[in-house]
Amino acid sequence: MVIRQALIPKFLAKDIENLRIAETDSPGEWSFLRNPHRLCLRKIMTTLILQMRIMLSGQTAAVDEELFSILKDLRKKISKLKDVPPFVIFQDPSLEDMAIQYPITSMSFQNISGVGAGKAQRYGKEFIEIIKKYVEEKEIIRPLDMVVKSVVNKSGIKVYIIQSIDMKRPFEDIAEAKGLEMNELISEVEAIVNSRN
């Protein structure tokens, strides 16, 4: 992932057999050596964690169409009561993420794409109740539950890392809490991801 991220701005070049520092005068190439700066590993790590959660759960991130429809109906009902367009409540991608992650707590609800603390406070209770009822009725095992159950016997630190990233804690805070250097934290995350390959 880091190499892929370095290929995008052409800091590195790749041909069929080799990976090398780019040599041409195109914008971005060699400029990294003259003017070093950080690559955004947080985005890379978030992508890795999402892939890890999907791999560990043994499932693909498919939207639960029935729940998605229920959530759209709830959004429509709330939008009529508040006299605002439905997208002001939540946009479709947020509802889709809810129908993948099944957030049943306020904290997990705030981790949904497009849901901040304000929206969670204004509308979260009704959505969480509907999702929780749906999960119980359908006896659904949520993706996060699968991740924690499948990893819990491997290492407490791995469980802590997964849960912390799910709660969108900064990587610096996670590393500090467990007394890890950043490269050690990245190695742990890579080990989690690679453990299911």
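Mentor: Rings of Phe, Tyr and Trp count as a pair if their centres lie within 6.5 Å. Keep that cut-off in hand. The model here is predicted.

Trainee: What makes Phe 90, Phe 109, Tyr 123 and Phe 127 a cluster?

Mentor: Ring pairs link Phe 90, Phe 109, Tyr 123 and Phe 127. The structure holds four aromatic pairs.

Trainee: What does the pair of Phe 90 and Tyr 123 tie together?

Mentor: Phe 90 lies in the loop between helix H5 (86-89) and helix H6 (92-101), while Tyr 123 lies in helix H8 (residues 117-138). The pair therefore ties together parts that are 33 residues apart in sequence.

Trainee: How do you know that Phe 90 and Phe 127 are edge-to-face?

Mentor: Phe 90 and Phe 127 are 5.0 Å apart, centre to centre, with 90 degrees between the planes. The cut-offs are within 6.5 Å for a pair and over 60 degrees for edge-to-face, so both tests are passed. Phe 127 is in helix H8 and Phe 90 in the loop between H5 and H6, so this pair ties together parts 37 residues apart in sequence.

Trainee: Why is Phe 90 called buried?

Mentor: Its relative accessibility is 0%. Buried means under 20%, so Phe 90 qualifies. Phe 127 also has a relative accessible area of 0%, so that residue is buried. Tyr 123 is buried as well.

Trainee: Now the charged side chains. How many salt bridges does the structure hold?

Mentor: Three.

Trainee: What makes Glu 66 and Lys 138 a salt bridge?

Mentor: The N to O distance is 3.1 Å. The limit is 4 Å, so the pair counts. Glu 66 sits in helix H4 (residues 65-82) and Lys 138 in helix H8, 72 residues apart, so distant parts of the chain are linked.

Trainee: Why are Glu 66 and Lys 138 called partly exposed?

Mentor: Glu 66 has a relative accessible area of 43%, and Lys 138 has 41%.

Trainee: What about Glu 137 and Lys 133?

Mentor: Their N to O distance is 3.9 Å. The limit is 4 Å, so this pair is also a salt bridge. Both residues lie in helix H8, four residues apart, about one turn of the helix.

Trainee: What puts the buried residues on the same side of H4?

Mentor: The buried residues of H4 are Leu 67, Phe 68, Leu 71, Leu 74, Arg 75, Ile 78 and Ser 79. They cover an arc of only 135 degrees around the axis, so they share a side of H4. An α-helix has 3.6 residues a turn, so residues three or four places apart point the same way. On the other side of H4, Glu 65 and Lys 80 are exposed.

Trainee: What covers the buried residues of H4?

Mentor: The cover includes H5, H6 and H8.

Trainee: What is found at the start of H4, and what follows the helix?

Mentor: At the start, a side-chain oxygen of Asp 64 reaches to within 3.2 Å of the backbone nitrogen of Glu 66. After H4 comes Asp 83, with a positive phi near 60 degrees.

Notes
Residues numbered from 1 in each chain as written. Predicted model: local features only at pLDDT ≥ 70, side-chain atom pairs only at ≥ 80, totals over all residues. Heavy atoms only, no water. Phe/Tyr/Trp six-rings, centres within 6.5 Å; stacked < 30°, edge-to-face > 60°. Helix = DSSP H or I, 4+ residues; strand = E, 2+ residues; numbered from the N terminus. Buried < 20%, exposed > 50% of the residue type's maximum accessible area, 1.4 Å probe, protein only. Arc of directions from axis to C-beta. Contact = heavy atoms within 4.5 Å. Polar contact = N/O pair within 3.5 Å; in protein donor to acceptor, adjacent residues only side chain to side chain.
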